[in-house]
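Subject: The structure, and what turned up in it

Hi,

Here is the structure I promised to pass on.

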Protein chains: 2
Amino acid sequence: MSAAKRDALLDVAEALFYRDGFHATGVDAIQAASGIAKTTLYHHFKTKDDLILAVLERAAERARRQLDKLADAGRGRGAARLAAIFDDLRNECQAPGFNGCLFNNAAAEFFSRNPAIVALAQRHNAWIAQLFARILTEEGLNGAIAPAVLALYEGIIALGRVQPVEPALGACTAWLNALAG
Amino acid sequence: MSAAKRDALLDVAEALFYRDGFHATGVDAIQAASGIAKTTLYHHFKTKDDLILAVLERAAERARRQLDKLADAGRGRGAARLAAIFDDLRNECQAPGFNGCLFNNAAAEFFSRNPAIVALAQRHNAWIAQLFARILTEEGLNGAIAPAVLALYEGIIALGRVQPVEPALGACTAWLNALAG
DNA sequence: TGAAAACAATACAGATCAGTAGTTGTTGTG
DNA sequence: CACAACAACTACTGATCTGTATTGTTTTCA
């Protein structure tokens, strides 16, 4: 399978999984939406769970690249470097069809069922926590609060599904700026 | 159906929904685990989604009672009144089988499928935000940060599934205490 | 051009899904 | 005791689930 076709398949699968959930999205729906035959799909992914893992791994890599880019751009700006990452949340949470964090959604659905999926979500969150810690120390701030910053980050994403994010984001960036003062 | 039996049924359904997810939990599994016949179940709940809504509504009432109790107990203690609510999270997140927030999990699974379930999660989060705002103003603090406090609260719950909550909770209560100073 | 792999389409297997019909207890009430 | 209402059980419907077998076509690459 060409890389482009594989990407197209993963695109379709990710969109359906994200919108409708993992258990509620049948392989038939992915087949119908992607045009790729079920036989072919199962030739490249042993099971549906393997496809889900591939979707999640690709999405995690993409998210990490994006976060790295945002973190690099703000280098030397103190707490504003963190605030820039939260600013980016505004766009994502307000995008149509926003349904929270793909990885946390997956972890919730597979909590008692597929440890590999939960572990992937765990690693992804740990990576973000480490990024936050690095940013904080590089900017001369207290790196120990990184876990709390991550909680804020994930909390805003979770709430963004059912609430406007602006109030939380506003108070949050105020906090982050207070860190610098 | 007696109230006790209804409660027992909702207990079983809630436990299965919480552990395995809503779509992954079949009505047959609830029947087998509760001993209540499927006919009876469908006599009292028109559809599976109605059962889910009943489970969520009961759980939301229980959670609100618990939060109200914690909020009342800390009256007059300033930011510590909020910190007490976060302290309670420690126990919940460390309990075996902890799988995040039942309402956010439900909202994620039914986001594109059942607006009533999403709306219930929305109302529950709004209620908590209002509680936090009331506590903050009653304690002479800035009520406008309530949405951010809620984000912290929900973020810790979301992360509690895949991470130890202690670091985030520690930094978080430090923040809350700094609010008082 | 020819061989080999990958592909699509269809049909199917076996299990499970939500939900229902009908019959047999079982229980509470006059 | 007799009656009425509810609950349990079994069995079933039709749909949908993951995953596979089959067959034939297209692509690829030497």
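A residue counts as buried when its relative accessible area is under 20%, as exposed when it is over 50%, and as partly exposed in between. Keep in mind that this is a predicted model.

With that cut-off, B:Phe22 is buried, because its relative accessibility comes to 1%. B:Phe17 is buried as well, with a relative accessible area of 1%. The two rings form a stacked aromatic pair, 5.0 Å from centre to centre and with 25° between the planes. B:Phe22 also pairs with B:Phe110, this time edge-to-face, since the planes are at 70° and the centres 5.8 Å apart. B:Phe22 sits in the loop between H1 and helix H2 (27-34) of chain B, and B:Phe110 in helix H6 of chain B, so this pair ties together parts that are 88 residues apart in sequence. B:Phe110 is buried too, at 2% relative accessibility. In chain A, ring pairs link A:Phe17, A:Phe22 and A:Phe110 into a cluster. Over all chains there are 11 aromatic pairs.

Now the interface. How many residues does each chain bring to the contact? Chain A gives 41 residues and chain B gives 41 residues. About 3400 Å² is buried between the two chains, and 71% of that comes from carbon and sulfur atoms. On the chain B side, the residues that lose the most area to chain A are B:Phe111, B:Val162 and B:Trp175, which together make up 20% of what that side buries.

The elements of chain B that give two or more residues to the side touching chain A are helices H1 (3-20), H6 (102-110), H7 (115-138), H8 (146-160) and H9 (166-180). H8(B) supplies the largest share, 11 residues. By type, that side divides into 25 nonpolar, 10 polar and 6 charged residues.

B:Asp20 is worth a look here. This residue is in helix H1 of chain B and is buried, with a relative accessible area of 16%. The side chain of B:Asp20 makes a polar contact of 2.4 Å with the side chain of A:Ser112, and another, of 3.0 Å, with the side chain of B:Arg19. Neighbours within four places in sequence aside, B:Asp20 is in contact with A:Glu109, A:Ser112 and B:Thr25.

A:Arg58 is in helix H4 (residues 48-73) of chain A and A:Asp11 in helix H1 (residues 3-20) of chain A, so the bridge ties together parts that are 47 residues apart in sequence. A:Arg58 is buried at 17% relative accessibility, whereas A:Asp11 is partly exposed at 44%.

A:Arg134 forms a salt bridge with A:Asp68, the closest N and O atoms being 3.8 Å apart. Both residues belong to a network of salt bridges that also includes A:Asp72, A:Arg75, A:Arg81, A:Glu138 and A:Glu139. In chain B, B:Arg134 bridges to B:Glu138 at 3.3 Å between the closest N and O atoms. These two lie 4 residues apart in helix H7 of chain B, about one turn of the helix.

Cheers

Methods: Residues numbered from 1 in each chain as written. Chains lettered and ligands numbered in written order. Predicted model: local features only at pLDDT ≥ 70, side-chain atom pairs only at ≥ 80, totals over all residues. Heavy atoms only, no water. Contact = heavy atoms within 4.5 Å. Buried area = accessible area lost by both parts, 1.4 Å probe. Nonpolar A, V, L, I, M, F, W, Y, C, P; charged D, E, K, R; others polar. Phe/Tyr/Trp six-rings, centres within 6.5 Å; stacked < 30°, edge-to-face > 60°. Buried < 20%, exposed > 50% of the residue type's maximum accessible area, 1.4 Å probe, protein only. Polar contact = N/O pair within 3.5 Å; in protein donor to acceptor, adjacent residues only side chain to side chain. Salt bridge = Lys/Arg side-chain N within 4 Å of Asp/Glu carboxyl O.
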